[in-house]
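Q: Please take a close look at one part of this chain. Then describe what lies around that part and how the rest of the chain is built.

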Amino acid sequence: MRNVVCLLGSPRPKGNSAVMAQALCDAAEEAGARVRTFALNKLTYRGCQGCLACKKDAEACVLDDGLTPVLEAVRACDVLVLATPVYFGEVTAQLKGFIDRTFSYLKAGYAHLPRGERSRLATGKTLVFVIAQGHPREDLFTDIFPRYEYLLGWQGFTKSRLLRACSVYHLGDAAARPEVLEEARALGRELAAEE
Ligand SMILES: Cc1cc2nc3c(=O)[nH]c(=O)nc-3n(C[C@H](O)[C@H](O)[C@H](O)COP(=O)(O)O)c2cc1C
């Protein structure tokens, strides 16, 4: 059974990125996957403190806060779904806070290790980015996905997928786009069936 962990990066619980992620996760669950969803905005946590404890004695992040169980769940997942709106050309601060804390997944001396051996996580995990973008221009903000695809590749996410909708701004915009929801469901089914 595929273990899917979904992190919602929007402060809007019923926002466009959450609706897209939900369609994906519901379909994955119906197809047999186990799904756990965390709404990051409901958690209290700090960004990475750069203490480098995880590169000395500790094997995990030494901060003990709302992200601790999330980091543990992601460590064990097969598929990680990161859902976010575009905020000022980037992921939300809520999601960036999580991404920075995944620094703790990298082994001590990671920079000198071959790419496939840098992570404390098992390799072969799948990263799925779900992006809701208000601006209609599809050529804008295309840098977000490849940047995190590259960086999280270091952590063991060697496969990656993107579900992106442009021109979704107000609450309900993504829910009114059947083709977006169908793409989300198809991706969910595919991820549940992955080996
Ligand atoms: C603080 C803030 C910054 C935003 N910045 C951008 C942006 O840079 N580019 C863009 O296309 N849309 C931007 N938007 C619009 C959101 O991406 C859009 O409303 C999206 O659908 C929100 O996703 P959500 O419903 O999941 O919260 C911004 C919205 C807010 C509130």
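**A glycine in a loop**

A: Gly-47 sits in the loop that joins S2 and H2 (helices, H or I with at least four residues, and strands, E with at least two, are DSSP runs numbered from the N terminus). The model is predicted, so local features need pLDDT of at least 70 and side-chain atom pairs count only at pLDDT 80 or more, while totals for chains, interfaces and linings use all residues. Residues are numbered from 1 along each chain as its sequence is written, and side-chain values use heavy atoms, with hydrogens and water left out.

Gly-47 has a relative accessible area of 30%, and is therefore partly exposed (buried is under 20%, exposed over 50%, partly exposed in between, with a 1.4 Å probe and protein chains only). Apart from neighbours within four places in sequence, Gly-47 is in contact with Leu-63 and Arg-101 (contact means heavy atoms within 4.5 Å). Ile-144 is 97 residues from Gly-47 in sequence, and the two C-alpha atoms are 19 Å apart in space.

Another packing involves H1 (residues 16-30) and H5 (residues 178-193), whose axes are 7 Å apart at an angle of about 40° (axes are lines fitted to C-alpha atoms, for helices over the stretch in contact, and angles run from 0 to 180 degrees between N-to-C directions). H1 and H5 are therefore oblique to each other (under 35 degrees is roughly parallel, over 145 roughly antiparallel, 65 to 115 roughly perpendicular, and the rest oblique). On the H1 side, the contact is made by Val-19, Met-20, Ala-23, Leu-24, Ala-27 and Ala-28. On the H5 side, the residues include Val-180, Leu-181, Ala-184, Arg-185 and Leu-187.

Now for the whole chain. The chain has five helices and five strands, and from the N terminus these elements run β-α-β-α-β-α-β-α-β-α. Its C-alpha trace spans about 50 × 35 × 30 Å along the principal axes. Of the 195 residues in the chain, 48% are buried. Among contacts with a separation of 6 or more, 78% come from residues 24 or more positions apart.
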